[in-house]
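Subject: Structure handover and findings

Dear colleague,

Please find below the structure I am handing over to you. My findings follow directly after it.

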Amino acid sequence: MKELNPLLRSFLYIIGGDIAIEVGIELLNSEEEDITDEGITENIKARLKGENPDMSFEDNTEEFLKLNTVRKTLYKLYSGKLAQFRRIRDKSTGWFIYYWWHEFDLFEEILMEKRRLMESKLRDRLKFEENNYFFVCKDCQDSNNKFNFDRAFELNFRCPDCGGQLEAQDNKDLIHFLKKKIVLIENLDLSISS
Ligand SMILES: [Zn+2]
């Protein structure tokens with residue numbers, strides 16, 4: 001049985017709660033076959049029953065095991081670009097049958113893109129902080145006014161709001177924080193196929 005990547009698992013939970021995780025597990029483990037929403041529902045029941053033989057699915061409290069709930073969850077995954085389907089009409093009943101598969105590889109792409117974006121923002125900020133140090137007014141603690149050296153010089157090191165003395169701000173902590181954050185993001189394992 002293939003296991004969901006922890007990041008993907010968390011993401012599925014955010015999209016649709018515990019049942020989205022169960023549906024995700026079934027999609028991941030039925031890559032080689034055509035599987036319908038009914039098939040997914042039956043597989044989840046069989047798997048949970050295997051883990052806990054006393055479980056009853058007839059009870060109304062087991063809301064998450066209804067076919068309709070599984071269908072809704074699949075559509076949530078579809079809206080989140082994590083699942084795809086094709087449908088064919090059953091010639092005998094005239095009803096549509098939906099076959100589902102996951103698109104978890106796209107999730108990896110989405111995450112990587114988010115990471116690239118976040119990392120480049122952090123690097124820009126770091127470069128900015130390293131190349132600029134700022135002057136702030138100690139008398140206006142509430143104001144977020146920061147002045148670079150040129151601007152502070154123009155102001156004669158006087159706060160334009162209250163006239164107080166502008167003092168150089170220590171941004172070592174911020175630089176340290178940004179560097180740590182960048183390393184953290186770089187080392188995040190975003191691969192789904194592990
Ligand atoms: Zn001031």
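In what follows, an angle of 65 to 115 degrees between two axes counts as roughly perpendicular. Please note that the model is predicted.

Helix packing

Helix α1 (residues 6-28) packs against α2 at an angle of about 105°, and their axes are 10 Å apart. The two helices, α1 and α2, are therefore roughly perpendicular to each other. On the α1 side the contact involves Glu22, Val23 and Glu26, and on the α2 side Ile40, Asn43 and Ile44. Sorted by class, the contact of α1 with α2 comprises three nonpolar, one polar and two charged residues.

Between α1 and α3 the packing angle is about 100°, with the axes 9 Å apart. This makes α1 roughly perpendicular to α3. From α1, the residues Ile15, Gly16, Ile19, Ala20 and Val23 take part; from α3, the partners are Thr69, Val70, Thr73, Leu74, Lys76 and Leu77. The contact of α1 with α3 divides into seven nonpolar residues, three polar and one charged.

Helix α2 (residues 37-51) and helix α3 (residues 67-79) also pack together, at an angle of about 115° and with axes 9 Å apart. As a result, α2 is roughly perpendicular to α3. The crossing of α2 and α3 is right-handed. Here Asp37, Glu38, Ile40 and Thr41 of α2 meet Leu67, Val70, Arg71 and Leu74 of α3. By class, four nonpolar, one polar and three charged residues form the contact of α2 with α3.

Overall architecture

The secondary structure of the chain consists of six helices and six strands. Along the sequence, these elements follow the pattern α-β-α-α-β-β-α-β-β-α-β-α.

The domain assignment places domain 1 at residues 6-102 and domain 2 at residues 111-186. Taken over C-alpha atoms, the centres of domain 1 and domain 2 are 48 Å apart.

As for dimensions, the C-alpha trace spans about 85 × 35 × 35 Å along its principal axes. The radius of gyration of the chain is 27 Å, whereas a compact globule of 194 residues would have one near 16 Å.

With kind regards

Terms used:
Residues are numbered from 1 along each chain as its sequence is written. This is a predicted model: local features need pLDDT of at least 70, side-chain atom pairs count only at pLDDT 80 or more; totals for chains, interfaces and linings use all residues. Domain bounds come from an automatic or database domain assignment. Axes are lines fitted to C-alpha atoms, for helices over the stretch in contact, and angles run from 0 to 180 degrees between N-to-C directions. Helices (H or I, at least four residues) and strands (E, at least two) are DSSP runs, numbered from the N terminus. Angles under 35 degrees count as roughly parallel, over 145 as roughly antiparallel, 65 to 115 as roughly perpendicular and the rest as oblique. A crossing is left-handed if the near helix is turned anticlockwise from the far one by less than a right angle, and right-handed if clockwise. Two residues are in contact if their C-beta atoms, placed from the backbone, lie within 7 Å. Ala, Val, Leu, Ile, Met, Phe, Trp, Tyr, Cys and Pro count as nonpolar, Asp, Glu, Lys and Arg as charged, and the others, Gly among them, as polar. The radius of gyration is taken over C-alpha atoms; the globule rule is 2.2 Å times the number of residues to the power 0.38.
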